[in-house]
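Hi everyone, thanks for coming.

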Amino acid sequence: MTTTWQIIVHGVVQGVGYRASCVVAARRIGVSGWVRNRRDGTVEAIAQGSADQLLAFCEWMRQGPPGAQVTSCEVDKAWVAEMADAPLKGFEQRASV
């Protein structure tokens, strides 16, 4: 069963190669979706896959690449319900918002 999560990562996660590393990790794990920087200094990802894939991806996001200092990682389950029927393909880095 495919599930979609919105993941917001807080800490020192911009300017350290977080998004590019996230794309590599997502593709290795097999999740679809995208990642982008947000104006508030966080990184946002939309990830779609099995529960096991999403748990593995979220675990990677809690660590991030060398140089990142993640302080918290949250999943917005209310937002996820809106994406339940929208299949995503591939995983990409999007422009900052």
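How many residues does helix α2 have, and how far does α2 reach from its first C-alpha to its last? The model we are looking at is a predicted one, and in it α2 has 13 residues and spans 19 Å, close to the 18 Å expected at 1.5 Å a residue.

The buried residues of α2 are Leu54, Phe57, Cys58, Trp60 and Met61. They cover an arc of only 155° around the axis, which places them on the same side of α2. Just after the helix, glycine 64 takes a positive phi of about 70°.

Now for the aromatic rings. How many aromatic pairs does a search of the whole structure find? The search finds 2. In one of these, the rings of tyrosine 18 and tryptophan 60 have centres 5.4 Å apart and planes at 55°, so the pair is tilted.

Phenylalanine 57 is in α2 and phenylalanine 91 in strand β5, so parts 34 residues apart in sequence are tied together here. Phenylalanine 57 is buried at 0% relative accessible area, and phenylalanine 91 is buried at 3%.

In soluble globular proteins, nonpolar side chains tend to be buried together. Here, the largest nonpolar core has 23 residues, and Tyr18, Phe57 and Met61 are those with the most contacts inside it. At least two residues of this core come from each of β1, α1, β3 and α2, and α1 gives the largest share, 6 residues. What is methionine 61 in contact with, leaving aside its neighbours within four places in sequence? The answer is Ile7, Val9, Tyr18, Cys22, Ala45, Val70 and Cys73.

That brings us to strand β3, residues 43–49. Why can we say that β3 is largely enclosed by the rest of the structure? Because 7 of its 7 residues are buried. Both faces are covered: Val43, Ala45, Ala47 and Gly49 are buried on one side, and Glu44, Ile46 and Gln48 on the other.

Which strands pair with β3? One is β1, which runs antiparallel to β3 and is joined to it by 7 bridges; there, valine 9 stands opposite valine 43. Another is β2, also antiparallel to β3, over 6 bridges, where tryptophan 34 has isoleucine 46 as its bridge partner. The hairpin of β2 and β3 has 5 residues between the strands, and glycine 41 takes a positive phi near 95° in this hairpin.

That's my tour; I'm happy to turn the view around again for anyone.

Conventions: Residues numbered from 1 in each chain as written. Predicted model: local features only at pLDDT ≥ 70, side-chain atom pairs only at ≥ 80, totals over all residues. Heavy atoms only, no water. Buried < 20%, exposed > 50% of the residue type's maximum accessible area, 1.4 Å probe, protein only. Helix = DSSP H or I, 4+ residues; strand = E, 2+ residues; numbered from the N terminus. Pairing = 2+ DSSP bridges. Phe/Tyr/Trp six-rings, centres within 6.5 Å; stacked < 30°, edge-to-face > 60°. Core = buried A, V, L, I, M, F, W, Y, C linked by side-chain atoms within 4.5 Å. Contact = heavy atoms within 4.5 Å. Expected span 1.5 Å × (residues − 1). Arc of directions from axis to C-beta.
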